[in-house]
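Colleague: I have just opened the model and would like to go through it with you. Could you put the sequence and the structure up first?

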Amino acid sequence: MSNSYHSHRRRRKSGAGRLGLAGALTGVVGIAAVAAGIVYFRPDGGGGNTGRPSLASQGETGAHSGAPAPKTGPPVNFTTPEGYGYSLAAVKAGTDRQPLGATQAPPSGTTYAYADYVLTNSQRRPVLLDFPADLFMPKSQVPADAQGRCMPQPGIPDDLCTLPNHSAITARLGGSKAPVDDDGDQMMPAGASYLVRIATDLPVDDGLSAGELKMYVWNARYTSDRKGVEIAFP
C-alpha cells in the first residue's frame with residue numbers, strides 16, 4: 001500500500017525560494033493516510049457567493065504505476081512564473097454517483113460530475129504537484145440549492161460555472177514514480193505522468209450529459225491574459 005497525503009490548496013512557506021512568487025498558492029498543507037493515496041480538496045469559498053473558489057483540488061488514491069497511456073485530446077502546455085512546466089490532456093468526462101469511490105449518496109434526481117485527464121511534468125526536474133484544471137458545467141444543470149456555490153470565472157463562457165471539487169491521481173502512467181515530499185511540498189518527479197480524476201463535491205442534475213462538461217485552465221498563475229484555456233476532450 002502506498003503512502004497517502006491530504007492537503008488543501010496552500011501557500012508555500014515564505015522561506016521557500018523555489019517558488020519566487022509568495023502567495024501564489026493558498027490554503028494549508030497536511031499529510032495523512034487515506035484511501036491509499038493523495039487527495040487534495042478545493043476550498044468552497046467559505047463566505048457564500050462572494051468568495052472566488054481556488055483552483056481544483058488534487059490527490060492520489062490507490063494509484064498504481066505502469067498503466068498504459070489513455071487516448072486523450074490535444075495536450076496543452078503551461079509554465080508558471082517560477083518556471084514549473086506542466087502538460088494537460090483530457091481523457092473523458094461523465095457523471096457517477098460515486099466518481100471517486102465512497103462518498104455521500106446524492107439526493108434523488110442528482111449525481112456527481114467528473115472528468116479524467118493526464119497531467120505530465122514536462123521538465124527534466126521535479127515540479128510542484130499542482131493541478132491547474134477546473135471542471136465546468138452549465139449553471140442550468142446545477143440544482144437550485146447549489147447554484148450559489150457554482151462560480152463563474154474570468155475568461156470562461158458566461159453560462160458555465162465550477163462547483164467545489166476534489167481530485168485524485170488514479171494511476172501513474174508509463175512507470176512514473178509517485179510524488180515525493182520536499183520540505184512539506186509534494187513534487188512530481190521529472191517527466192512523470194499521472195491520470196487524474198476531478199469530481200464535484202456537490203451534486204448536479206442527473207440529466208447532465210458528458211458533452212456539457214468542459215475543462216478549463218483559468219487562473220492567472222497559468223494564463224496571463226485572463227482568458228480561460230480549454231482542455232478539449234478527444
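Modeller: The link of Cys 150 and Cys 161 is right-handed, with 90° about the S-S bond. Cys 150 lies in the loop between β8 and β9 and Cys 161 in strand β9, so the pair ties together parts that are 11 residues apart in sequence. Strands here are DSSP runs of E with at least two residues and helices are runs of H or I with at least four, both numbered from the N terminus.

Colleague: Before we go on, what kind of model is this?

Modeller: This is a predicted model, in which local features need pLDDT of at least 70 and side-chain atom pairs count only at pLDDT 80 or more, while totals for chains, interfaces and linings use all residues. Residues are numbered from 1 along each chain as its sequence is written, and side-chain values use heavy atoms, with hydrogens and water left out.

Colleague: Back to the cysteines: how far apart are the sulfur atoms of Cys 150 and Cys 161?

Modeller: They are 2.0 Å apart and form a disulfide, a term that stands for a pair of cysteine sulfur atoms within 2.5 Å. The count by this rule is one disulfide.

Colleague: And is Cys 150 buried or exposed?

Modeller: Cys 150 is buried, as is Cys 161, where buried means under 20% relative accessible area, exposed over 50% and partly exposed in between, with a 1.4 Å probe and protein chains only.

Colleague: Changing topic, how many salt bridges do you count?

Modeller: There are three salt bridges by this rule, each being a side-chain nitrogen of Lys or Arg within 4 Å of a carboxyl oxygen of Asp or Glu. In one of them the partners are Asp 116 and Arg 197, whose closest N and O atoms are 2.7 Å apart.

Colleague: Which strands hold Asp 116 and Arg 197?

Modeller: Asp 116 is in strand β6 (residues 110-121) and Arg 197 in strand β13 (residues 193-200), so this pair ties together parts that are 81 residues apart in sequence. Asp 116 is buried, and Arg 197 is buried too.

Colleague: What about Arg 221 and Glu 82?

Modeller: Their side chains meet in a salt bridge at 2.5 Å, N to O. This pair links distant parts of the chain, 139 residues apart, with Arg 221 in the loop between β15 (214-217) and β16 (229-230) and Glu 82 in the loop between β4 (76-79) and β5 (85-96). Both Arg 221 and Glu 82 are buried.

Colleague: And how do Arg 221 and Asp 130 meet?

Modeller: The side chains of Arg 221 and Asp 130 form a salt bridge at 3.7 Å, N to O. Asp 130 lies in the loop between β7 (127-128) and β8 (134-138) and Arg 221 in the loop between β15 and β16, so the two tie together parts that are 91 residues apart in sequence. Asp 130 is buried, and so is Arg 221. Through shared partners, salt bridges join Glu 82, Asp 130 and Arg 221 into one network.

Colleague: Now the open sheet of three strands: what is its order?

Modeller: The order is β7-β12-β11, with antiparallel pairing, and two strands pair if DSSP finds at least two bridges between them. At the edges stand β7 and β11 (180-182), each with a single partner strand, so one side of each is left without a neighbour in the sheet. Three bridges join β11 to the antiparallel strand β12 (residues 185-188), and Asp 181 stands opposite Gln 186 in β12.

Colleague: Where is Thr 162?

Modeller: Thr 162 sits in the loop between β9 (160-161) and β10 (165-173). Its relative accessible area is 0%, which means that Thr 162 is buried, and its side chain reaches the backbone oxygen of Leu 135 at 2.9 Å. Thr 162 and Asp 134 are 28 residues apart in sequence and 7.0 Å apart in space, C-alpha to C-alpha.

Colleague: One more, then: which strand has Thr 120, and why is Thr 120 buried?

Modeller: Thr 120 is found in strand β6 and counts as buried because its relative accessible area is 18%. Its side chain makes a polar contact with the side chain of Ser 193 at 2.7 Å; a polar contact is a pair of N or O atoms within 3.5 Å where, within protein, one must be able to donate a hydrogen and the other to accept it, and residues adjacent in sequence count only if both atoms are side-chain atoms.
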